[in-house]
Amino acid sequence: MYLILHLRSRPLQTLILGLIALTFYAYYRTTYYDVAQYTVPRNISRSAYREVFRLPTNVSIELHIASASLKNASSSEPLAVVGSYDLQNVGNVSSPVITTLSTSSSPQTQSSASVSLVNSKRSGERPSIRVDKASNETEEASVLSNEYSARAIYEAGHAIAIPEKCPNFGKEMDLIIIIMSAPTHLEARMAIRQTWGHFGQRSDISILFMLGATLDPKVEAILRKEEKTYNDVIRGKFLDSYSNLTLKTISTLEWVDNYCSKVKFLLKTDDDMFINVPRLQGFTIKHAKDKNVIFGRLAKKWKPIRNKKSKYYVSRAQFKHTVFPDFTTGPAYLLSTDIIRKLYDAALDQTYLKLEDVFVTGIVASKLGIKRTHANEFLNKKITYSACNVQRGISIHMVKYSEQFDLWKKLLDGKSKCK
């Protein structure tokens, strides 16, 4: 009774509310604020981006406006306009679609789906983007086919390329494994290096990590030390974020095409995967003569999610059909390298979709007539960690970095008798 009476006092109520608010604030700090680079829109600041990689001023997303639109612009001004996209909302004219970049770090968000060039009468001022509402779906689709293609937002090349990791363009190599990793996932990369990543020491296999840029100078400093120490990290010219996973895969295709085009197979995978490399290599030997193919866990008749609140939302302007083409799920899939250049070129001209596995192995691969073949060994899911389960499969998903060591031990366990 004494406690209940005291709970009615205003100071005590204020203290309790304060503690609750502090708890929520601490949760926010640990689950959101500390990984801020994953919530930053892609390539929002040219200056910040250049500071990360110390690149020339022309490293940016450049939209080359059609000549008809340039008649109203000053002929003495540059023709390239820098912009960044919120492609999750493509086709939704009430949402921000194109962001114009000024010399400051804060973008000015516009609301629309079509672009026109605005001539500034003030001398020395760069042309900017003015966005007007699309008059109809045909006009919107036309804009999407150009300004919203992957080519419009992809910066070719690599800030760090390490071509020596694929000697003689991979002519004597059976397999290259490129692992999609985030800048802050140092523990995951270290766990892989100390377990199944050891197979990368072989002359016929190369195992590398693919990362983008980060706007966090502390993370960047750690990455530079890591790159110097291990020399196994490729850096693409894109801001590393969930929305840019497709750019990361395109960057991977470009790297293989440029530096490792003669290798037999490419495995694209993630840093939360355990890969049974001996089993994978046996699979590649078995399918050495197979061409024009992607192996993995096949997803059939998946439908686009049209709920705008969903993380996986796809607008009808991005993909108009009711069912996706069959695709291999993103955690791990294997590509014969005869298709790498075709995939890379075709991906650049396709309307951008952040669902990288649907985009690359579904939409683009289907357009090119590339076979997508289901292979049971690609589990691409979390499984019970028994020695036999680990030894039977090629890929296991949702593996914490601390669990890599247990799976590595079970892979090398010579006592288990698995059928």
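I294 has L335 as its bridge partner in β14. Strand β13 (residues 293–299) and strand β14 (residues 327–336) pair in the antiparallel sense, over five bridges. Two strands pair if DSSP finds at least two bridges between them. Helices (H or I, at least four residues) and strands (E, at least two) are DSSP runs, numbered from the N terminus. The model is predicted: local features need pLDDT of at least 70, side-chain atom pairs count only at pLDDT 80 or more, and totals for chains, interfaces and linings use all residues. Residues are numbered from 1 along each chain as its sequence is written, and side-chain values use heavy atoms, leaving out hydrogens and water.

Now the whole sheet. Eight strands make an open sheet with mixed pairing, in the order β7-β10-β9-β8-β11-β14-β13-β15. The edges are β7 (158–160) and β15 (371–374); each has a single partner strand, so one side of each is left without a neighbour in the sheet. On average, neighbouring strands of this sheet are turned by 30° against each other, direction ignored.

Helices pack on this sheet. Helix α8 (residues 245–259) touches β7, β8, β9, β10, β11 (265–270) and β14. Its direction makes about 155° with that of β8. Axes are lines fitted to C-alpha atoms, for helices over the stretch in contact (heavy atoms within 4.5 Å). Angles run from 0 to 180 degrees between N-to-C directions. Helix α11 (residues 356–368) packs on the sheet too, touching β11, β13, β14 and β15. Its direction makes about 50° with that of β14.

Next comes helix α6 (residues 186–193). Here A188, R189, A191, I192 and R193 are buried, meaning under 20% relative accessible area (1.4 Å probe, protein chains only). Their cover includes β8 (175–180), β9 (205–213), α7 (217–230), β10 (233–239) and α13 (404–411).

How values were computed:
Buried < 20%, exposed > 50% of the residue type's maximum accessible area, 1.4 Å probe, protein only.
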